[in-house]
Amino acid sequence: MCSEPSPGRTARPGRPRSAEADAAILLATRQALVELGWSKLTMGDVATRAGVAKTTLYRRWAGKNELVVDAVAVLFDELELPDLGSLAADVEGVVLQFASILQRPETKTALMAVVAESTRDDALRGRIRSAIVDRQKRLVLIGRERAQVRGEIPYEADAALSARHADLIFDVVAGAVVHRALVSAEPVDREWARDFTALICTGLQTTT
């Protein structure tokens, strides 16, 4: 991934960061989560798997919480909103991408682990919001702007209302797909994505 610190990550003094080392560490973290689970995962185990010194981890991350959230966040950074010519096609495309990422064993285990742990840890919950949720809201903003330019939905003059609508759209899409894929363990296939998209777009076109 990139060698710059992710939003919410505290830069720590030391030698320049290595993109290759970061990628190896984050991959090792996800692998360890799948094999060991949250409670048994340690910074030392991740360092051994990644082939780096434990001090290297602590120069980059303050502890396990920060490391695991960043290991999950980079997976969702793969999401891109396709420009397929219509709001419905764009939403359906990103829903199917999102579902595909959620189907990976490393994503399932890591995401469920951090969400479960965050119910007992306010700081971890805040880091999830800054490193994952806030970063992926970019897709909502991009998609809405495209649809407005196409004339599919109106512009919103009230900035506060516009921001609130963006939050709602993200919560509905992300919540529904995560629930379907990870909680209900039902397929997010093209038919489901098409039906879900139709419901979302009907709401957007009548309430914005």
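Which residues have the most contacts inside the largest nonpolar core? Here are a few notes on that and on some neighbouring points; please keep in mind that this is a predicted model.

1. The largest nonpolar core takes in 60 residues. Those with the most contacts inside it are Leu67, Val72, Phe76, Val95, Leu102, Ile132 and Val177. Two or more core residues come from each of α1 (19-36), α2 (43-50), α4 (64-76), α5, α6 (105-118), α7 (122-150), α8 and α9 (190-207).

2. Do have a look at the pair α5 and α8. The axes of helix α5 (residues 87-102) and helix α8 (residues 159-183) come within 10 Å and cross at roughly 40 degrees. That angle is why α5 counts as oblique to α8. The crossing of the two helices is right-handed.

3. On the α5 side, this contact is made by Val95, Phe98, Ala99 and Leu102, and α8 contributes Val173, Ala174, Val177, Val178, Ala181 and Leu182. By class, the contact residues of α5 with α8 are 10 nonpolar, with no polar and no charged ones.

4. Leaving aside residues up to four places away in sequence, Leu102 touches Phe76, Thr107, Lys108, Leu111, Val177, Val178, Ala181 and Leu182. Among these partners, Phe76 and Val177 are also listed with Leu102 as having the most contacts inside the core.

5. Finally, is tyrosine 58 buried or partly exposed? Tyrosine 58 lies in helix α3 (residues 54-60), and its relative accessible area of 34% makes it partly exposed. Its C-alpha atom is separated by 10.0 Å from that of alanine 47, 11 residues apart along the chain.

How values were computed. Residues numbered from 1 in each chain as written. Predicted model: local features only at pLDDT ≥ 70, side-chain atom pairs only at ≥ 80, totals over all residues. Heavy atoms only, no water. Axes fitted to C-alpha atoms, helices over the stretch in contact; angles between N-to-C directions. Helix = DSSP H or I, 4+ residues; strand = E, 2+ residues; numbered from the N terminus. Parallel < 35°, antiparallel > 145°, perpendicular 65-115°, else oblique. Left-handed = near helix turned anticlockwise from the far one by under 90°. Contact = heavy atoms within 4.5 Å. Nonpolar A, V, L, I, M, F, W, Y, C, P; charged D, E, K, R; others polar. Core = buried A, V, L, I, M, F, W, Y, C linked by side-chain atoms within 4.5 Å. Buried < 20%, exposed > 50% of the residue type's maximum accessible area, 1.4 Å probe, protein only.
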